[in-house]
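Please consult the sequence and the structure alongside the text.

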Amino acid sequence: MFSDKVVLITGGAGGIGGGIAKMFLEQGALVIINDISPSALNSYLSNLGELKKKAVSYEANVSSSAQVDSMIKYIYSKFGRIDVLVNAAGFGIIAPSISDISDDEWDLVLNVNLKGAFYTCRSVTPIMKKQKSGRIINISSLAGKTKSVIAGVHYTSAKAGLLGLTRHLADELMTSNITVNAICPGVTKTNLVCEQKTKEELATIATKIPMQKLGTVDDVVKAVKYFADFENSYITGISLDVNGGLFMN
C-alpha cells in the first residue's frame, strides 16, 4: 500500500510509534524512525530483521526546533520527498493534582507532546505543499477529549492542544491535497503504561472500559493505516477515538 512512500515517525522506537513504524515497513514504505534515545533506536532496529533494510534511524529531540529542522532537511535532501508524517512522540507524567506539577514538568510534557508536533508540522509543510500531496497524523489521546485516566493535567492540556493544531492545520492545507487527522487512543497496553501501573491497577481500569479490556498498539496502528491511505483524500480535520467505548463523541 505504501511502496515508494517516505514516512517519518517521531517517537518511532516507542510502543505505539514502534508499532506504526513496523506497519509502514511491512507495507513497503521507506521509514525514518525518530527517537531521542539512541539505545532505544538501536534496540528497535535490531529486532526488525529484514525490514531493517527499509528503515532509517534519526536521533533528535522534537522539542528542539533546530533539531527538527535539521532532521527534515536531512530527510528531504536524501530522499527528495516526505509523504507521511506521524507525530507519535509523547509521554505523560502521573500527577494526582495540579499542585504536584512543577514548572519544569509542565514545560517538559507540553514541549514533547504539543510543541514537538508543531515543530515537525511547520518544518514538513513546505515540502508537502511543493509535492501537492501529504498525510499528517497526530497521535493525541482520550485525554484530549475528556481527561487523562493515568497522567496529569499537563498531559491533558497538551493532548487537547494537539487536537486544535490538527483542526486548524487541516483547514490551512486542504487545498494542497494534504490531510491532517488525529487519533485519540484510550489506555493502551504499552511498556510505558505497564511501568506506570501495576497489573492490578490496569485490571481495575479495564473494568471501567465498556469493552472490558485495554487497547493494544495494533488497534492504533490500524487507525493510522486508514488515515495514511492516499485513497482517503476526503477525510481531514477529524479525531478518531480508539478507546473501547470509554468515550463516545
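**From a covered strand to the helices around it**

Strand E5 is mostly covered, with 6 of its 6 residues buried, where buried means under 20% relative accessible area, exposed over 50% and partly exposed in between (1.4 Å probe, protein chains only). Helices (H or I, at least four residues) and strands (E, at least two) are DSSP runs, numbered from the N terminus. The model is predicted: local features need pLDDT of at least 70, side-chain atom pairs count only at pLDDT 80 or more, and totals for chains, interfaces and linings use all residues. Residues are numbered from 1 along each chain as its sequence is written, and side-chain values use heavy atoms, with hydrogens and water left out.

In a regular strand the side chains alternate between the two faces of the sheet. In E5 both faces are covered: Gly134, Ile136 and Asn138 are buried on one side, and Arg135, Ile137 and Ile139 are buried on the other.

E5 belongs to an open sheet of 7 strands in the order E3-E2-E1-E4-E5-E6-E7, with parallel pairing; two strands pair if DSSP finds at least two bridges between them. The edges are formed by E3 (55–59) and E7 (239–242), each of which has a single partner strand, so one side of each lacks a neighbour in the sheet. Neighbouring strands are turned by 15 degrees against each other on average, direction ignored. Strands of a sheet pair through backbone hydrogen bonds, either parallel or antiparallel.

Two pairings can be followed through Val86. E4 and E5 run parallel and are joined by 4 bridges, and the bridge partner of Val86 in E5 is Ile137. E1 (residues 6–10) likewise pairs with E4 (residues 84–87) in the parallel sense over 4 bridges, and here Ile9 stands opposite Val86.

Helices pack on this sheet. H4 touches E1, E4, E5 (134–139) and E6 (178–185), and its direction makes about 175 degrees with that of E4. H9 (residues 217–228) touches E4, E5, E6 and E7, and its direction makes about 165 degrees with that of E6. Axes are lines fitted to C-alpha atoms, for helices over the stretch in contact, and angles run from 0 to 180 degrees between N-to-C directions. Contact means heavy atoms within 4.5 Å.

H4 (residues 103–131) also packs against H6 (residues 153–173), at an angle of about 15 degrees and with the axes 8 Å apart. The two helices are therefore roughly parallel to each other; angles under 35 degrees count as roughly parallel, over 145 as roughly antiparallel, 65 to 115 as roughly perpendicular and the rest as oblique. Among the residues that meet are Trp106, Leu110 and Phe118 in H4 and His154, Leu162 and Leu165 in H6. The contact comprises 14 nonpolar, 5 polar and 4 charged residues, with Ala, Val, Leu, Ile, Met, Phe, Trp, Tyr, Cys and Pro counted as nonpolar, Asp, Glu, Lys and Arg as charged, and the others, Gly among them, as polar.

His154 lies in H6 and is buried, with a relative accessible area of 0%. Leaving aside neighbours within four places in sequence, His154 is in contact with Ile93, Ala95, Ile101, Glu105, Trp106, Val109 and Leu110.

H9 has a helical partner as well: H1 (residues 15–26) and H9 pack at an angle of about 50 degrees, with their axes 9 Å apart, and are therefore oblique to each other. The residues of this contact divide into 9 nonpolar, 2 polar and 1 charged.
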